Amino acid sequence: MSLRYFVLRRRPALTALAALGLLAGSPAPAAAQAGVLNIYSARHYQTDEALYANFSKATGIKINRLDGKEEELVERIRNEASASPADLLITVDAARLEVADSLGLFQPVKSRLLDERIPAALRTPNWSAFSTRARVIVFNKAALKREQVQSYADLATPALKGQVCMRSGAHPYNLSLGAAVIAHEGEAKAEAWARGMVANFARSPKGGDTDQIKSVAAGECGVTVSNTYYLVRMMRSNKPEDQQAMAAVGVVWPNQSSWGTHINISGAGVLKHAPNRDAAVRFMEYLAGDEAQAYFANGNNEWPVVKGSVAANPALAALGSFKSDTLPIGELAKTTVLAQKVFDRAGWK
Ligand code: FE
């Protein structure tokens, strides 16, 4: 049950490559190894360590893990092609899973257990979600009233001119949100919405979700959108500046009187050339278990996808409950490419 842990760098240490059976100039398919599972992961949270260790303990299957940025891992899997030792890719956001899927990196998995445990809207034939996050509205309580920012559409109203802060329109989180807007309201309305928001920008898009929250808290702008786990992270933080920031902002579940708040996922798929396919499917099924669900979700302050699984996370629970978008995640994922075109036309850089 020893857990090998690598951080992916531009030039991974030779030992790391050797450990994964990946030696330069060996084009032959990676050989299956009994009792081994090779995971490429763009998720690296402390509680995930327990998740992997428990799997090894329960199954005797040793996990070799390569951690890295999503784009680098995808590029690597493409370059390795049929010689790839990777069995499973774990990542976040449907837009990213769609990128990997559209490149043909996954293979379909048929599993009765996954079909029974994971809601149909949260899986596709080639990949599955294991936790969810929501994209919510965060506003400065001194600058705006809660009533002004009840929906994503509200962010495009002229009344909010100079008040909106956003991260890049090319980021998967915003592309997935854009895909949801397109799916529910059509391409033309989605483009008008994006144009309206761009016209309301307080500044050019920059930074990540946490930066947007901090800008709103500091009064640099009145409103933004953020994934819930960034908020929960700040809620759980002991830093006085984070506590102050959280005291200055309000959080709104968008679109409660229409199609619901956009949710996204952390997920995984079995890779096309997986040398240890059975172990990979077994790990997917393990992730759908109650205990693993709690670990997986808690690792990033997310919600489990399996009904009845409970992540004991008071800060997350404090956010309350909400009506979420029921759009199938696979459909959403496939619309992210169109979302990028719509955002490009609207000038959301
Ligand atoms: Fe994130």
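Domain bounds here come from an automatic or database domain assignment. The model is predicted.

**Exercise 1. Determine which residues coordinate the iron ion and where tyrosine 173 and tyrosine 230 lie.**

*Solution.* Step 1: the iron ion is coordinated through the OH atoms of Tyr173, Tyr229 and Tyr230, at 1.9 to 2.0 Å. Step 2: along the sequence, these donor residues follow the spacing Y-x55-Y-Y. Step 3: tyrosine 173 belongs to helix H6 (residues 172-185) and tyrosine 230 to helix H9 (residues 228-236), so the pair ties together parts 57 residues apart in sequence. Step 4: with buried meaning under 20% relative accessible area, tyrosine 173 and tyrosine 230 are both buried.

**Exercise 2. Describe the contact between domain 1 and domain 2.**

*Solution.* Step 1: the protein chain is divided into domain 1 (12-131 + 263-313) and domain 2 (135-262 + 325-346). Step 2: their C-alpha centres lie 29 Å apart, and the contact takes 21 residues from domain 1 and 22 residues from domain 2. Step 3: the two domains bury about 1,600 Å² between them, with 57% of it on carbon and sulfur atoms. Step 4: Glu98, Ile263 and Asn301 supply 34% of the area that domain 1 buries against domain 2, more than any other three residues.

**Exercise 3. Identify the polar interactions between domain 1 and domain 2.**

*Solution.* Step 1: eight residue pairs are in polar contact between the domains, both residues at pLDDT 80 or more. Step 2: the count of salt bridges between domain 1 and domain 2 is one. Step 3: the side chains of lysine 334 and glutamate 98 meet in a salt bridge, at 3.4 Å from N to O.

Notes: Residues numbered from 1 in each chain as written. Predicted model: local features only at pLDDT ≥ 70, side-chain atom pairs only at ≥ 80, totals over all residues. Heavy atoms only, no water. Donors = N, O, S within 2.8 Å, 3.2 Å for Na, K, Ca; no water. Helix = DSSP H or I, 4+ residues; strand = E, 2+ residues; numbered from the N terminus. Buried < 20%, exposed > 50% of the residue type's maximum accessible area, 1.4 Å probe, protein only. Contact = heavy atoms within 4.5 Å. Buried area = accessible area lost by both parts, 1.4 Å probe. Salt bridge = Lys/Arg side-chain N within 4 Å of Asp/Glu carboxyl O. Polar contact = N/O pair within 3.5 Å; in protein donor to acceptor, adjacent residues only side chain to side chain.
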